[in-house]
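Thanks for sending this one over. Here are my notes on a sheet and on the nonpolar cores, in numbered points.

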Amino acid sequence: MSAPLAGRQARAGLVLALPSVVLVLVFFFGPVLYGLWLSLTDFDLYAIADPTSVRFVGLGNYSNALGSADFWNALKVTLWYALVGAPVSVIVSLAAALLVDAGATRAKPFFRAVYFAPVVTTLVAVAIVWRYLYQPQYGLVNALLVKFGIPRIDWLGNPHWALPAILVLAVWKNFGYNMLIFIAGLQNVPKELHEAAQLDGANAWQRFWHVTLPALAPVSLFVSVTTAINYFQLFAEPYVMTQGGPLRSTTSLVLLMYEQGFRWWRLGYAAALAFLLFALILAATVVQLRLQAKRKPA
Amino acid sequence: MRRRALRALLACALAAGATLISGCGDSGPKGPVTLRMWAMGREGEVVGELVHDFERENPDIHVHVQQIPWSAAHEKLLTAHVGGSLPDLGQLGNSWISEFGALRALEPLDRMLAESGLGRDAYFGGIWDTNVLEGTAYGVPWYVDTRVLFYRKDLLRRAGYDTMPTTWAEWKKCLEDLKRTYGAKHWPVFLPTNEWMSPVVFGMQAGSPLLADDGTRGAFEGPEFRRSFTWLLDLYREGLAPAIGFNEIANKYQEMERGTIAMMITGPWELGEFARRLPDSLQNAWSTAPLPGPDGPGVSFAGGSSLVVFKGSRNPRSAWKLIEFLSRPEQQVRFWRLTGDLPARRESWADTALTADARTRAFGEQLARTVPCPMVPEWEEIATRVWEQTDRAVRGAATPDSALATLDRTVDRLLEKRRWLAARRAAKATGS
């Protein structure tokens, strides 16, 4: 009696799921598999004019990438973005969330909107404003430095300062999104726990450390994983601000991939870079999940 | 008999119809034609003014000019080619011609050139050659770009030089004299280490082909390039040129003004910049001169932009008409007034305004001695490798020999596909 019903239900479920399954297969797995195949060939400029000039090169693109100084440089830059940019971004988001959450009730929506505004502003417009800020002669940042007696810095022109300058911009641009998630998380922290801790004589810092933070753990996990993934894929900020320069000091892996793929039209090589980046992000995410899982029982 | 007459009539009508169709595919009497044209940067901003006159001359052709920023031009063109949405005609940096030729994105122009009576003799030879791939012209030079010396006349005069020397040996002597006159904190010539210009141009001057075997291998270890490379490195080693790049010099105009730099090698756009940025007191103190060479006036590189008709254009004839219009000597001079871009046609240089100015005249002289960069799609990337290795040698991170060996190795790797394609072509030729 129940078996045919279950079968019918399963069938109905399958039919209902089919459109999205097909879409995912065609528009996600299809391109991914094609990309994988591409990464094993030397598809390039000449192949666009004459498809018969594509050659299967096995892992050649991968070994080329691992042997090229540009790749390692981009990897180093990407790790800077991910290992410095992502944690800073998470900390800033959390701090902003705490501030907004603790503020006067009436000001809350205002600050939420203000901090969220950069997230929804077009990056190109943002870049124009920030280029003014970073302008070496007349920029606001250097004007402040000079006021405090610090010599001017050519923020975007100096290979040592360009990367931090881009990081600051990226953090400012993106922290609002995570802040919203943290605010939602903060509102779910049970009030009783805070009251109980207060009764036990815990001060504000202790309450933050022992009540708020543990309660936020699932939210923090989500935020840090997604943020890290985003920073591993940082592209638009260096692309519009410095085009990866000076001296490639801000070229991330995705920017390198873009250059190889769409500037030099070396699509096979670019696809290989994409899969290397995929492996890197996967490894980083697994490590993060492991670390968080280990921390939980303690 | 009647039947035959009928058939003849029919054939006539068909032929007439065919000519009518082929005629109205273009500037025929049937309906106006809309041309799409892409132009970059400043050229894109002002070309509209010239196009306006063209439209007045050709009321049946309407031209839609789209302006493209230089920074995005290359990607946009490639993407448009792959997506089949290239315009009818456009401006193309002449170092990109070989690339778009390899992509088969350009319409060959030989027939239309012959009909218009235009050809190599009307242009500066070196510049013309950048538009020719395997004997076929794919573009017409629009404006030209080359590099000459910009220098402080007054500083040179005080060191005992009334004119710029024309040979390497004399030029170096002049640099040494400048160094002696002005001291250690002064640099006779600024040759940025993060730019391919100086190593490549000096290599060309020494007669290096830069690439060997029909553009399939690096020729940087060859005796010509080695000679120029050592010569260039000596300039840095002896303190005649500072071993720094663009990023390490805050403001080169300021350094020229202070006299910490006495000369630099750069392009026509600096004529305007120098006039604008140097103070009034120095406006009579700077000049330009053609580059010195190993033994007598040297060559410089042939740059600039060309006008091309893209393959797949439905109105190649109308597009050509516009190119023809923009190539008229008087339009070229007008364009020069609007942009400062130097005309590609020799005839335009007969205009007194162009030759009246001694600083512009140096460019005219130099343009008669230009050599194109290697015509391979990979050139832009190769050029980057050239300065990277030069930079290493200048900073002492590599010996000259090992820098050149690394350079050839890297370039050979970049050109591997070209070697394979050439071998395949050769095999096909012998096989058939």
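1. In chain B, strand E7 (residues 148-152) and strand E11 (residues 261-266) run antiparallel and are joined by four bridges. Within this pair, B:Val148 sits opposite B:Thr266 of E11(B). Strands here are DSSP E runs of at least two residues, helices are H or I runs of at least four, both numbered from the N terminus, and strands pair if DSSP finds at least two bridges between them.

2. A word on the basis: this is a predicted model, where local features need pLDDT of at least 70 and side-chain atom pairs count only at pLDDT 80 or more, while totals for chains, interfaces and linings use all residues. Residues are numbered from 1 along each chain as its sequence is written, chains are lettered from A, and side-chain values use heavy atoms, without hydrogens and water.

3. The E7 and E11 pair belongs to an open, mixed sheet of four strands in chain B, ordered E8-E11-E7-E12. Strands E8 (187-190) and E12 (286-289) of chain B are at the edges with a single partner strand each, so one side of each has no neighbour in the sheet.

4. Now the cores. B:Leu322 and B:Leu326 touch the most other members of the largest nonpolar core, which has 55 residues; such a core is a set of buried (under 20% relative accessible area, 1.4 Å probe, protein chains only) Ala, Val, Leu, Ile, Met, Phe, Trp, Tyr and Cys residues joined through side-chain atoms within 4.5 Å. Helix H13 (residues 316-326) of chain B gives this core its largest share, six residues.

5. Another core, of 54 residues, lies apart from it and includes B:Leu235 and B:Phe301.

Key: Buried < 20%, exposed > 50% of the residue type's maximum accessible area, 1.4 Å probe, protein only.
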